[in-house]
Amino acid sequence: MTRYRPFHYIALLLSLWIWIDPAWAQQQLPDRKSEQDIAAKALSLLSFVAVDYAEAVADGAIRDRKLYRQQQNNVDVATALLQQLPDKPGRAQLEDSLKELARLIADRAAPDLVRRRANTAADRLAALYQLPRSPAESLPSGDEAQALYRDRCSRCHGVRGDAAQPERRLDDPVRMANLSLYDFYNVLEPTRNDAHDADLDGDLSSRQRWALAVLVAGFAAPDIAPAPQLAEKYPALVGLPGMAVLRPAELPEEARNALMWWRAHPAETRHLQHPLARAAGLLYLAQAAYRAGDIASAYHQLMLALREGYLESRPQLAERNAALTAQLDQQWQELRGAILDQAPTNEVIEKFQRLQSNVVRAREKLQPSSGSGIYGWGALLFIAALGLGVLLWYRLRSRHS
């Protein structure tokens, strides 16, 4: 079986979300919510291709013809939904990816290959249309959704996800590992997924959906918490956005099992995350919100990164490296001022990137990464995003010149 390098996957997945030209993000559409719903619906269809294809095809033969036709239809509908979205540089390549995915399904390709291609297309779609896939605040505990699940979900899915029908079971670790927390969240939005109608979940708040996603993820999670050392080895998996966006099936076994437990127990996992890693994650979310034109959310997450991340580590950092601390203090103030003063977009993005780079440096000063030279997810995110963004920027500019 092919082995994947998790941080390469993490960096690519998250950096794809970052590189989009700020000018595109500033385009104000008549109905931004409608655009996000269309993109999210297409993403949901692709995610379920990744999950269900293995039940439809095995060893090049069709096991379930009805389910197989549904996979083909999912790709067709996702392609049609993509055509409803605004044209942007990168959409043609995404359309080609969907054509390739349709061809693989028609050829009854291996499930692992189809799963990877479907998930990659879903991630590119989210990146291209700035689809937020992580909550603005910390993930709620699944306990908040116990009563909701009992009243609205247990009749179909079983008391603990142990439904009699395989397609309704939520306690199968193999199937659940193919879905991210965001995938669970998306299913609970009737405008984005038709698995449930508006009468069932149309009145749920965003927090209630995230709480249900966490609760459901726990049905297939390991019973025993992973070793704390794994949080140092895989720091991207114990904080946002990684915990919300990443699919356990794409990771090595030890990381896969760890994420399955961590995402089901966010409150118990929070203390494993270094405050500066938390700051880097919140800065990433703030930058993504700013690129999408949501200035209020960007500012809110920037201040959360300051209060709940940087300030917790500042005294220790000041003792270790006073010059870097002074530089960070100034950069926080400059970025905050640039957002409040409505500075040019390129200037704000540059300040975001400089601040995030120094936050990553500060984390390495206080908590050097262990293992085989793998740096924190924030460093990989920044470096990969910067490199990929520059490369794509030059390519796009050369095409239009």
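Me: How many disulfides are there?
Reply: The count comes to zero disulfides. Please keep in mind that this is a predicted model.

Me: What is the nearest cysteine sulfur to that of Cys 153?
Reply: The nearest one belongs to Cys 156, and it is 8.5 Å away. A disulfide requires the two sulfur atoms to be within 2.5 Å, so the sulfur of Cys 156 is too far from that of Cys 153 for a bond.

Me: Are those two cysteines buried or exposed, or in between?
Reply: Cys 153 is buried, with a relative accessible area of 14%. Cys 156 counts as partly exposed, at 36% relative accessibility.

Me: Changing topic, what is the protein built from?
Reply: The protein has 21 helices and two strands. Of its 401 residues, 54% are buried.

Me: And which residues touch the most other members of the largest nonpolar core?
Reply: They are Leu 181, Trp 262, Leu 328, Trp 332 and Val 359, in a core of 109 residues. Helix α3, residues 32–56, gives the largest share of this core, with twelve residues. In soluble globular proteins, nonpolar side chains tend to be buried together.

Me: What is Leu 328 in contact with?
Reply: Leaving aside neighbours within four places in sequence, Leu 328 is in contact with Tyr 310, Leu 317, Leu 355, Asn 358, Val 359 and Ala 362. Val 359 is also one of the core residues named above.

Me: Now the rings. How many aromatic pairs does a search of the whole structure find?
Reply: The search finds five aromatic pairs. In one of them, Tyr 149 and Phe 219 have ring centres 5.1 Å apart and planes at 65 degrees, so the pair is edge-to-face. Tyr 149 lies in helix α7 and Phe 219 in the loop between α12 and α13, so this pair ties together parts that are 70 residues apart in sequence. Both Tyr 149 and Phe 219 are buried.

Me: Why does the pair of Tyr 182 and Tyr 185 count as stacked?
Reply: The planes of these two rings are at 25 degrees, with the centres 6.2 Å apart. Planes under 30 degrees apart count as stacked, so the pair has that label. Tyr 182 and Tyr 185 both lie in helix α10, three residues apart, which is about one turn of the helix. Ring pairs also link these two tyrosines with Trp 210 into a cluster.

Me: Last topic, the backbone. Where is the cis peptide bond?
Reply: It joins Leu 240 and Pro 241, with omega at about 5 degrees. Pro 241 sits in the loop between α13 and α14.

Me: Which residues have a positive phi without being glycine?
Reply: Asp 59, with phi near 55 degrees, is one example, and Arg 108, with phi of about 55 degrees, is another. Asp 59 is in the loop between β1 and β2 and is exposed, at 81% relative accessible area. Arg 108 is found in the loop between α5 and α6 and is partly exposed, at 35%.

Notes:
Residues are numbered from 1 along each chain as its sequence is written. This is a predicted model: local features need pLDDT of at least 70, side-chain atom pairs count only at pLDDT 80 or more; totals for chains, interfaces and linings use all residues. Side-chain values use heavy atoms; hydrogens and water are left out. Buried means under 20% relative accessible area, exposed over 50%, partly exposed in between (1.4 Å probe, protein chains only). Helices (H or I, at least four residues) and strands (E, at least two) are DSSP runs, numbered from the N terminus. A nonpolar core is a set of buried Ala, Val, Leu, Ile, Met, Phe, Trp, Tyr and Cys residues joined through side-chain atoms within 4.5 Å. Contact means heavy atoms within 4.5 Å. Rings of Phe, Tyr and Trp (its six-membered ring) pair if their centres lie within 6.5 Å; planes under 30 degrees apart count as stacked, over 60 as edge-to-face and the rest as tilted.
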